[in-house]
Amino acid sequence: MATLATAVLTRTRFSSSSKSLFTHTLTLNHLLLPSLSAKTTYLHRRRPSFSCKGMATSTAASDTVTSPYGSWKSPITADIVSGASKRLGGTAVDGHGRLIWLESRPSEGGRGVLVLEPENPGSDPVDVTPKEFGVRSLAQEYGGGAFTVSGDFVFFVNYKDQRLYKQSLSSLGVPPVPLTPDYGGPLVSYADGILDSRFNRFISIREDRRESSLNPPTTIVSIALGSTKVQEPQVLVGGSDFYAFPRLDSKSERIAWIQWSHPNMPWDRSELWVGYISENGEIHKRICVAGGDPSLVESPTEPKWSPDGELFFITDRKNGFWNIHRWLESENKVEPVYTLDAEFARPLWVFGMNSYVFVQSHKQSSSIVCGYRRQGKSYLGIIHDLQSSTLTPLDIPFTDLDNITSGKECLYLEGASAVHPSSIAKVTLDDDKSKVVNFNIIWSSSPDSLKYSSYISKPELIEFPTEVPGQNAYAYFYPPTNPIYQANQGEKPPLLLKSHGGPTAETHGILNLSIQYWTSRGWAFADVNYGGSTGYGREYRERLLGQWGIVDVNDCCSCAKYLVASGKVDGERLCITGGSAGGYTTLASLAFRDTFKAGASLYGVGDLTLLSAETHKFESHYIDKLVGGEKELIERSPINHVDKFSCPIILFQGLEDKVVPPDQARKIYQAVKEKGVPVALVLYEGEQHGFRKAENIKFTLEQQMVFFARLIGHFSVADDITPIKIDNFDN
């Protein structure tokens, strides 16, 4: 079980009625001493017990109950949310056409497990990964691309030692075989691999931290498969700071890859290269296909060879949107396949993304099935006749799409919608590949979500004005929804506004039970795509360059004010939350603005200077582009402006976080505590950047709820939650 650290909070001025809501306090102390780093000490201080249920009265006119917003009882509990927090890590198809997917299980401490589709419909899926293994790569810290399936074998990265293993899918009782050396710990990581059958080797991205954990070299390597002895991988491509998407043509005569170097992130500027493979397996000739022209700003991604041997990829040249292109090899030219002001790819935060696939019609002509995103919604389409290139939308229930995998006479889609949580759907097209004839969900992160359908709040996509005249930003607004309750006449609900991470990321209007946890209890929820988010093209994405801590903060505040002015929420009960970069926006909003009355930061950035000095290689120059030099780093770091904090803050932090070091949360907590403003700190052992353990997901959710209720809510929560001690608020 993960450990919980000291919870702390300070006090400005709060009415005694707010404090009297809770008379039963549990204090959890974690002794943060080096000699006790692996241990936990719990100090319990109990007071007389109490009822945590909100006061409610039945209405005479109907069966609904009148009760203050925030006090409603809901069947969507924190236990259900944490249990429904399975994450997908990709899909693939084996040699028999059976689907394999990677799921992260909070109930098993976030362990990644490969699961095989059952042979017979109605049977249970089969766990492929032995219990002593976990599938997850730590390459570039965010990982992804942790497994590859070829025929009856799966190649995967084991979380604990980061070694690459090979496992038979037809003999699951046989233990996986290691393919890479044991370096005495998880010092070398692999990701985004592909089998090279021509030379009987496995080609993969490698991040080598043996010499330096802050600046480890990344290369494309080959791992020999024919020897009974584990051999040191051989470097095929090196010299750039980063690599991704090594992709072979069908004859293993050409290899394509993406590379980029500091100070760029892969969505700023990257390059697509092709290498020609000699008879001895070496790359003897290389050509830069895209990204090499300094006068042309672009970030190519996702290269893929067609069945006919043509190279396709996605780039955002000219129109600023990631569109599908093709390489004319004989002329070394690039041409668009289809041009649309829509994003056909996502930013390369994780390895192994798969946004499009090739399919064959009954006429044996190649087409591309692809996902694309416009104005907050995803679509599935097919590009017929790759010469004339027409895009035909395919009708599916999903409004959000991630990866697409080509199966045996079918497609597998990773997606979601306002009524579907993260899911895998099996999709069958007609013979002409122009119409969906069957759509069947075969995996769901929350298979029981349908039973809560009457409690589900549907998102409304809102467009609101920002502080820059003529510029708008976007958010999803979720109103309070519960069939049993109604609020008192004239009351407006409290708002929890979420700032997403990244910050180059995007929030999607899909069924997320952690959001429904709030709305079904009487909270309004806003999920903001501030300037800098992806999904709206390069121009929108680059609003944040040099402006992090300004544009995102302004947009979050503008969204909250817009909702207040629209009469949708209570202007005196505005709260903000966010994780990672969203945690920074949360802290910056509380330090530099007076819009919000309380906030929660999950593994958030408090000290930009410290982050710039200590963060991992992938993002080590990211902050330079987002903020600027030393002066700006100091000015925009909330830790340097503690005197400006005036409302309650609760912080949650993993002790093994290498993206945002734990000292950031500790420093914010200590400084705010000394100032006298309410603050609480919760530290989790065994957690990295983002929480994966069910008990920690549950605890974080519940403590945010109780924290806000006690300090600004003016209501009692209906759930039986023991609140942690709040320094400078609790005696």
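The second largest cavity is lined by Trp267, Asp268, Thr504, Gly532, Arg538, Arg541, Glu542, Leu544, Leu545, Tyr622 and Leu626. Two elements, α4 (538-541) and α8, each give two or more residues to this lining. Helices here are DSSP runs (H or I, at least four residues), numbered from the N terminus.

The model is predicted: local features need pLDDT of at least 70, side-chain atom pairs count only at pLDDT 80 or more, and totals for chains, interfaces and linings use all residues. Residues are numbered from 1 along each chain as its sequence is written, and side-chain values use heavy atoms, without hydrogens and water.

A cavity is a set of points, on a 1 Å grid over the protein atoms alone, where a 1.4 Å probe fits but cannot get out; lining residues have an atom within 4 Å of a point. Points are joined across faces, edges and corners, and the volume is the space filled by probe spheres set on them. Searching the whole structure gives 5 cavities of 30 Å³ or more.

The largest cavity has 16 lining residues. Nearest its centre lie Trp548, Val605, Leu611, Glu619 and Tyr622. Here α7 (608-614) and α8 (622-626) give two or more residues. The top contributor is α8, with 3 residues.

The table gives volumes and lining classes. Ala, Val, Leu, Ile, Met, Phe, Trp, Tyr, Cys and Pro count as nonpolar; Asp, Glu, Lys and Arg as charged; the others, Gly among them, as polar.

| Cavity | Volume | Lining by class |
|---|---|---|
| Largest cavity | about 150 Å³ | 11 nonpolar, 4 polar and 1 charged residues |
| Second largest cavity | about 70 Å³ | 5 nonpolar, 2 polar and 4 charged residues |

Methods: On a 1 Å grid over the protein atoms alone, a cavity is a set of points where a 1.4 Å probe fits but cannot get out, and a pocket is an open set with protein on both sides within 12 Å along at least five of seven lines; lining residues have an atom within 4 Å of a point.
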